Number of protein chains: 2
Amino acid sequence: MADDSAFSLKRLLLGKPIPSHLAHHERLSRVTGLAVLSSDALSSVAYATDFILATLIVAGVEAFRYAVPISLVIASLLAVVAFSYRQTIFAYPKGGGAYIVAKENIGQNAGLIAAASLLVDYTLTVAVSISAGVLAITSAFPNLDPYRVEICLVFLALLTVGNLRGIRESGQIFAVPTYFFVAIISALVLAGLARYLLGQIVPVETQLPPEAGKHPLTTFLLLTAFANGCTAMTGVEAVSDGVPAFRPPESKNAAATLVLMASIGIVMFIGITTLAHVYKVVPNPAESGISQLGRAVFGGQNFAYYLLQAATTLILVLAANTAYADFPRLASIVSRDRFLPRQFMNQGDRLAFSNGILILALFAAILILAFRGDTQSLLPLYMIGVFISFTLSQTGMVLRWRQNRDPRHFGGAIINAFGALLTGVVLIVVAVTKTVEGAWIVLLLIPIIVALFKATRRHYDHVASQLTLKGYEPQPRVHNTVLVPIGGVQRSVVEALRYAETLSDDVRAVYVDVDPAGTEAVKRDWETWGGRVKLVVLASPFRSLMEPLLEYIEQVENERSNDYVTVILPEFVPARWWQHLLHNQRALLIKGALLFRPNIVVTSVPFHLVK
Amino acid sequence: MADDSAFSLKRLLLGKPIPSHLAHHERLSRVTGLAVLSSDALSSVAYATDFILATLIVAGVEAFRYAVPISLVIASLLAVVAFSYRQTIFAYPKGGGAYIVAKENIGQNAGLIAAASLLVDYTLTVAVSISAGVLAITSAFPNLDPYRVEICLVFLALLTVGNLRGIRESGQIFAVPTYFFVAIISALVLAGLARYLLGQIVPVETQLPPEAGKHPLTTFLLLTAFANGCTAMTGVEAVSDGVPAFRPPESKNAAATLVLMASIGIVMFIGITTLAHVYKVVPNPAESGISQLGRAVFGGQNFAYYLLQAATTLILVLAANTAYADFPRLASIVSRDRFLPRQFMNQGDRLAFSNGILILALFAAILILAFRGDTQSLLPLYMIGVFISFTLSQTGMVLRWRQNRDPRHFGGAIINAFGALLTGVVLIVVAVTKTVEGAWIVLLLIPIIVALFKATRRHYDHVASQLTLKGYEPQPRVHNTVLVPIGGVQRSVVEALRYAETLSDDVRAVYVDVDPAGTEAVKRDWETWGGRVKLVVLASPFRSLMEPLLEYIEQVENERSNDYVTVILPEFVPARWWQHLLHNQRALLIKGALLFRPNIVVTSVPFHLVK
């Protein structure tokens, strides 16, 4: 009964299961593929410009003249990386995540480092995207700012339940907001440029942060601004990871989607950075740059402005969805190689990977709570993982070419090598500029995760060697001594005795004598109910119930060497959950004590209470 | 091995077990009895005067002239109640707590109300005493005040471990501080009076609280001050509850201890209240009245002053120990009547009631955290429980006399009746004056606890009626169908199959077909390893592993009506704890799903991993 109600709650929340022969109906078209897989990449334009400006401001507003050049460098980099990943899509039509590419072409360790980086990165994507999405809300409604963390957690919970329901619904839900965001950002950029060309610009009214202009404009500062702006590149790998999710021809559809995504992203990023420069936007923790631009271009907090903020929130919160698709998929692949517990390999009823989704949600919630939902604080942790995986993935593609030496793919290999070089340089820049601000956490975490991967694999290898049937000679054990520990004679005990009698010709009930009156009563009842079960009464000088029992079991084990010893425990099954607290404590204690004894089998005979 | 190390940790913390024939060596003499059982009663003089003054101050310093008269009324009341409990000691030499006296002489409901009141009261005793003890520390060292809650929790933890070790050690530990406190308070009172008689009084320098003199001096205020002062009476029942803990002749020793305790308490309480009046003490949340008196009488924060504060802290923190003895004892008695789960009846190895101690510590910790270790905030909750149990206990004694009508005990009955009347009046005063300030929590809690008592008892009664062997006709079930769900053929599975073969002539391995290659492999292996076990392969259109299995089990159940169905699960026993995370998930799922199916027996065949 309790079981049934649990099942129906699951059905209500997660929908009906899908038979496996229908699985290909879940595949993505280019239109839904762009929506599902590009929200991470596209949404990053909502914060990348802010990160550049927030870095430059410490050298004063004049430093903003470097924002547009920096954004152009990043956009070129993004184009190179996107073309590099396009090679991967054709080389790995079954999905070429950094883990697989690095593992196959560089080696196991590189693959594990890439996997650890990506798992960390996906978790941060969820935390950063949701936090930035909520900033779009609190920019429009500053009095909601005190509830920032709570709002973040509500979005996280909605995404988690949505993803547990399955991927096709995700596509349908997410198609609308992605295109809505692209449309409204295009409108913003076009309207902003039109105003600029007509000379109708009203610069944003905003306050300078207190640290503005306190530092000189050093090369290190420019590099930091560049590193922070590279958040615009996050998510570009999502399409190449998800090739098999596309409709056939998978590679072609995926490649077209990738190119489209990168083009849209580049145009929006350069457009917004240019506008921010022209409208003299100064982002601060209470209001995002997009919100300031919206006020200036649309002329105040009107309907268009609120649409912009709503679209930004939606795409950002839903960008986290890319990670909800990627994290469980990667965990499942790593788990298939036995570097992660096999639970991550289980597919839920709806073809979604429930355990991965839940773990991702848990760690993202921890990040949101630890950093109080503040995007700027999470940022230094964010890019290390991304660029480690970029670099490893593209290096892997270069090494792959070196093995094949297929002249048709020479151009692709050159692009991959160039991409690997550039992202490797960015990785070094990010590591150098961000380590003291928090990137050290990730630099510490990745080796720890790799070590856990290896420990898990080592354990499963050990287990496999212990489970192999090669050269296995089963011990001939034919006799079974059955023990039934009892605390008195009652219906549950008699039922256990009758069951025990079917198992063996040597069944013994074991009673620990703690008061003589009770012992006499048991002996009396035995004449009626004992059947062919022998009653063994144990003395207990310390009034302990467990120790005499455990000693007796040990003694029985030594009686015969080729014996099974079975311990039968009546288990009360209460009619209501709270009644569990009132029963079975002794059975649990006995089970716990016997768990580490080899060659002892424990059997629970249920006794169902009706009320 | 893990088991052994758990045992030795327990030994280290809790000491060696004691055989039952040595149990009487644990008994208390008058000297240790006073120390163990009176710390609650005696220590309350450390805060009772403060509570009177803190109430009166809202009507201005002039209202302090009522403090000494109020304390005299309370002292008389204390004397009456002590003599009333002296009757109980002789009438109930096996321990006459309010629960037993009320249950036997008034009725079951009265007994349960008394028991609920006392359990609440004991928990509050721990929280209030520890908080007041820590106030003595922070009075002397004000810069420790921010760590008040943490210090409280440290003392709570020390007490808990100490009590889990057993009662005799408690006696030895607690004898020194009790007598130390009595000595130093006597010194304080004598020195203070000497200074007064010699005319050398220097009034305390202190600040008036902001609410001083803001209210008129009403009768209600005087009644509130009286109610708050009645905290001096808490703990007086402890000796009569603990009669059997004394050395023989138990009643005589206990009665003498009770009279001694009441006398000392009365003298100290009147002495301190008089001194407080004379030295113009005004207690505030940051410094206790005793601390102010200490400074004034001993002439500053010198060695004598620090000794006084240390003694106050020690007796107060250790006063909580009375509750550590009483709570588990009462819980055990109530549990023997099946109104509480039977876990409270278990005696630990060291004759202490471990579960009761742990529950008490848990709830006291919750109170300390909820009220931030502030004695004044906890106070309104405190006295309701005490005076309910006082009133019920003494009313019970009167009714008992009405049944016996033994003329020798007529005088005693009159004392009991007088005590019942007085404590009943105080109960009404407390309820009227304190309800809005927080006593409503306790007034709500007591009926809830009584309802839980009754639900527990009702459940155990239902169970007993289901377990009775009267009229029980065991169903003749002789055949046992044994199922072994498998996920492949490996050593652990083969061992489970060999075990299963000893149990029945109908053993079937059940394999769910989720991919054809795996199924072929299993069928191939079966030729070598299957033995006389039949292999059943189940189709799974939804790729679910559980649902086909559960359906098949249901089908097997319907094959024969007089059948046992045994499900055998190989259970991995890992060598290290964290490896549990990597195994047995499917076995757990299957067990959970089968838990509510009647007539199915689940057996775990352990497979021990060596690394």
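Helices (H or I, at least four residues) and strands (E, at least two) are DSSP runs, numbered from the N terminus. The structure is a predicted model, in which local features need pLDDT of at least 70, side-chain atom pairs count only at pLDDT 80 or more, and totals for chains, interfaces and linings use all residues. Residues are numbered from 1 along each chain as its sequence is written, chains are lettered from A and ligands numbered from 1 in the order in which they are written, and side-chain values use heavy atoms, with hydrogens and water left out.

**Stop 1: the two chains together**

The size of an interface is often given as the accessible area lost when the parts come together. Here the buried area (accessible area, 1.4 Å probe, that two parts lose on being put together, summed over both) is about 6700 Å² between chain A and chain B, and carbon and sulfur atoms give 60% of it.

**Stop 2**

**Stop 3: the strands and the axis**

Next, select S5(A) together with strand S5 (residues 600-608) of chain B. These strands pair (DSSP finds at least two bridges between paired strands) in the antiparallel sense, over three bridges. Thr603(A) stands opposite Thr603(B) in S5(B).

Now superpose the copies by least squares on the C-alpha atoms of residues with pLDDT of at least 70 in both. A rotation of 180 degrees with 0.0 Å of shift along its axis places chain A on chain B, with an RMSD of 0.1 Å. That is the relation of a two-fold axis. Of the residues of chain A, Thr603(A) comes closest to the rotation axis, at 2.1 Å (C-alpha).

**Stop 4: charged pairs**

How many salt bridges (a side-chain nitrogen of Lys or Arg within 4 Å of a carboxyl oxygen of Asp or Glu) are there between chain A and chain B? The count is zero, although over all chains it comes to 22.

For an example, select Arg329(A) and Asp326(A), whose side chains meet in a salt bridge (2.9 Å, N to O). Arg329(A) and Asp326(A) are three residues apart in helix H13 (residues 303-336) of chain A, and are therefore separated by about one helical turn.

**Stop 5: backbone details**

Select Pro248(A) and Pro249(A), which are joined by a cis peptide bond with omega of about -5 degrees. Pro249(A) has its place in the loop between helix H10 (238-241) and helix H11 (250-278) of chain A. In chain B, the peptide bond from Pro248(B) to Pro249(B) is cis, with omega near -5 degrees.

Finish at Arg372(B), which is not a glycine but has a positive phi of about 50 degrees. Arg372(B) is found in the loop between helix H14 (354-370) and helix H15 (375-404) of chain B.
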